[in-house]
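Please look over the chain shown below.

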Amino acid sequence: FFFCAIYVMAQHNTLRNSYCTADEETFILKKEVQFGFHSVCSSQIQITKNGKEAYKTSSHYAYGVAYGARPLRGTAEFEVEVTSYGDTGVQYGTLKLGVMRWKKGRPLTIKDVPRYSPDETDYCVWCANKIHNRLREQWEPVEKIYGKTTLCVLIKEKDRLGFKLTRDGNLVFFVNGVSHGVAATEVYHQGYDVYPVIDHYANCKATRIVRAVIKVEINLQDTCIELIGKWLTKSEDVEILQLPKKMKQRIKDSFYN
């Protein structure tokens, strides 16, 4: 009864919050840089001492992947400005941006950094005129046409590419502050951290973080899952609870995988 009561309260809170979701057409948080680039990045990317700028040290079209230093939570807004753009001999290609899921507690090393982010499992990246969604809940990789036009046309030097991740896990991309609509849903997943992915591809040589903001609001449902998980000692105990299948799976993912 105790766990069921907690779940009902959480569902009520989720339903109430669904009527006051943030507008996905604009950035809503105060513009600031709360964190910089992650120290782990491609071997051909150099991060400046202040952690807010990244640039390629070679003319190779790939091997330009960098990450945000902090996992995203709640409502998160992230944006970079292209500070160097030029001809690398590649006719087609520019900055790519997206998110990566990473198992909580697992160290991120340079061996984990891909040469090219759109093809990587657990990544969701805007590449040219498509969203490459390979987040784990997808049975098959999803590629869909996205954006009002291709990034190869939109992004040049001094342009800004960013995204908003809502507390419900909806991912929305922006070019120079203009929304291009919802690109993916349910990005947040229990048991995983979510990091920004910045892929300096082809003619994009360097970027600077101009917005990196996280605002966390208390989520009763997540709090309940944490509490239930601490009471249980093994995975089998989850099955005896009179809770929906989806919530049981979230508890297992959080504490037993």
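Which residues does Phe 78 touch, not counting residues up to four places away in sequence? The model is predicted, and in it the contacts of Phe 78 are Phe 35, Leu 97, Gly 162, Phe 163, Pro 196, Ile 198, Ile 209, Arg 211 and Ala 212.

Phe 78 belongs to the largest nonpolar core, a set of 37 residues. Together with Leu 72, Leu 171 and Phe 173, Phe 78 touches the most other members of that core. Another core lies apart from the largest one and has eleven residues. Val 65, Trp 102, Leu 108 and Tyr 123 are among them.

**Overall make-up**

The chain holds four helices and 13 strands. Its length is 257 residues, and 50% of them count as buried. Take the contacts between residues at least 6 apart in sequence: 69% join residues at least 24 apart. The accessible surface comes to about 13000 Å². Carbon and sulfur atoms account for 52% of that surface.

**Around strand β9**

Strand β9 covers residues 160-165. Five of its six residues are buried, so the strand is mostly covered; the cut-off for buried is under 20% relative accessible area. β9 pairs with β4 and also with β10, as the table sets out.

| Pair | Sense | Bridges | Example of residues facing each other |
|---|---|---|---|
| β4 (residues 75-85) and β9 | antiparallel | six bridges | Ala 76 opposite Leu 165 |
| β9 and β10 (residues 171-175) | antiparallel | five bridges | Leu 161 with Val 175 |

β9 and β10 form a hairpin, with five residues between the two strands. Gly 169 sits in the turn and has a positive phi of about 90°. In a regular strand, side chains alternate between the two faces of the sheet.

**Cysteines**

How many disulfides does a search of the whole structure find? The count is zero. Are Cys 124 and Cys 204 buried or exposed? Cys 124 has a relative accessible area of 0% and is therefore buried, as the cut-off is under 20%. Cys 204 also counts as buried, because its relative accessibility is 0%.

Terms used. Residues are numbered from 1 along each chain as its sequence is written. This is a predicted model: local features need pLDDT of at least 70, side-chain atom pairs count only at pLDDT 80 or more; totals for chains, interfaces and linings use all residues. Side-chain values use heavy atoms; hydrogens and water are left out. Buried means under 20% relative accessible area, exposed over 50%, partly exposed in between (1.4 Å probe, protein chains only). Contact means heavy atoms within 4.5 Å. Accessible areas come from the Shrake-Rupley method with a 1.4 Å probe; for residues, only the protein chains shown count as cover. A nonpolar core is a set of buried Ala, Val, Leu, Ile, Met, Phe, Trp, Tyr and Cys residues joined through side-chain atoms within 4.5 Å. Two strands pair if DSSP finds at least two bridges between them. A disulfide is a pair of cysteine sulfur atoms within 2.5 Å.
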